[in-house]
Every structure is written in structure tokens, then in C-alpha cells.
Amino acid sequence: MTRDDIAEVTACVETFFGAFATEPGLDERMAALAASFLREATIAHFTSEGELVVDDVAGFIEPRRAYLAGEAVTEFREWPLPGEVRVLGDLAVWSGAYAKEGHGSEGPLAGGGAKVIQLVRLEGVWRIAHVAWQDTPGGPQPSG
């Protein structure tokens, strides 16, 4: 594991989180997000009802693009809190808490949870292979 590995993995994680904002440049951010995934990547999360949902890349990105481009939410952003990066050869994992905020039709939105992002290095480029997350009541929780 080198500092370059950590910096490249961190940049990929920042591309992931940075995509989820209502500010100008949504199409460019979503294109960068799609390019950061392996074609075969999976994204899994638990709904507020506790149901596990697993999507492919398009099934994950397109509903979020529509949500962020629509009028249901404004001034939205999502960002990682300090997390941990582990690199083992051509495998890497980022894990940590995240937060999100914005304004919806019924007032302020705030929350967060925990995410794990698994990456692989192919031909010298880090790509996301899998993302899993769970929102937590009341927002981000300290790791431990």
C-alpha cells in the first residue's frame, strides 16, 4: 500500500459522494460516477423498512439522477465523514460514516449512516466493485 494508492482510492470515494448534490454539473458528476464503477458492480442498501435492495450501476444511478434533477429536493449534498482506507494489493476498501442534508417539500432533510465501498485495481485504475450502506436513525454514528 502506497500513499498514491490511498490518494487514488480516496479520490474515487470522493467522486462517489460528490455525485449526490443538486448543484450545477449533475450530468457531469453522474457520468464520472458511472465511469468509476466496474460494469458488473453491485450496490446494496437497506430501505427504511429493513428490506435489502441490490442494484446494478444503471439501476442505482438513474433514480438518483432523476431525484436530484427534479423539484422534490434542493440544496442537497452528501459527503463522507472521516473513514478508513485499506489497500491489499489490487483490492481496497473504504468504510466509514457519511452525512447528507438538503431541503425537501416538507422542510429540511438531514441524515446519514454507514457505507462500505469495495474497489479493485484493473490496468492501473481503481474502480468500484461494490457499495453497501445503511442509513441510521438520527444520522451518522461514530465508527467503532
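A salt bridge here is a side-chain nitrogen of Lys or Arg within 4 Å of a carboxyl oxygen of Asp or Glu. Arg-39 and Glu-40 make such a pair, with their closest N and O atoms 3.4 Å apart. Both of these residues are exposed, where exposed means over 50% relative accessible area, buried under 20%, and partly exposed in between (1.4 Å probe, protein chains only).

Before going on, please note that this is a predicted model, in which local features need pLDDT of at least 70 and side-chain atom pairs count only at pLDDT 80 or more, while totals for chains, interfaces and linings use all residues. Residues are numbered from 1 along each chain as its sequence is written, and side-chain values use heavy atoms, with hydrogens and water left out.

The whole structure holds eight salt bridges. One of them joins Arg-121 to Asp-5, with 2.5 Å between the closest N and O atoms. Arg-121 sits in strand β5 and Asp-5 in helix α1, so this pair ties together parts 116 residues apart in sequence; helices (H or I, at least four residues) and strands (E, at least two) are DSSP runs, numbered from the N terminus. Arg-121 also meets Asp-90 at 2.8 Å, N to O. Asp-90 lies in the loop between β3 and β4, 31 residues from Arg-121. Asp-5 is buried at 8% relative accessibility, whereas Arg-121 is partly exposed at 22% and Asp-90 is partly exposed at 43%.

Now turn to helix α2 (residues 26-35), whose buried residues are Leu-26, Arg-29, Met-30 and Leu-33. On the other side of α2, Asp-27 and Glu-28 are exposed.
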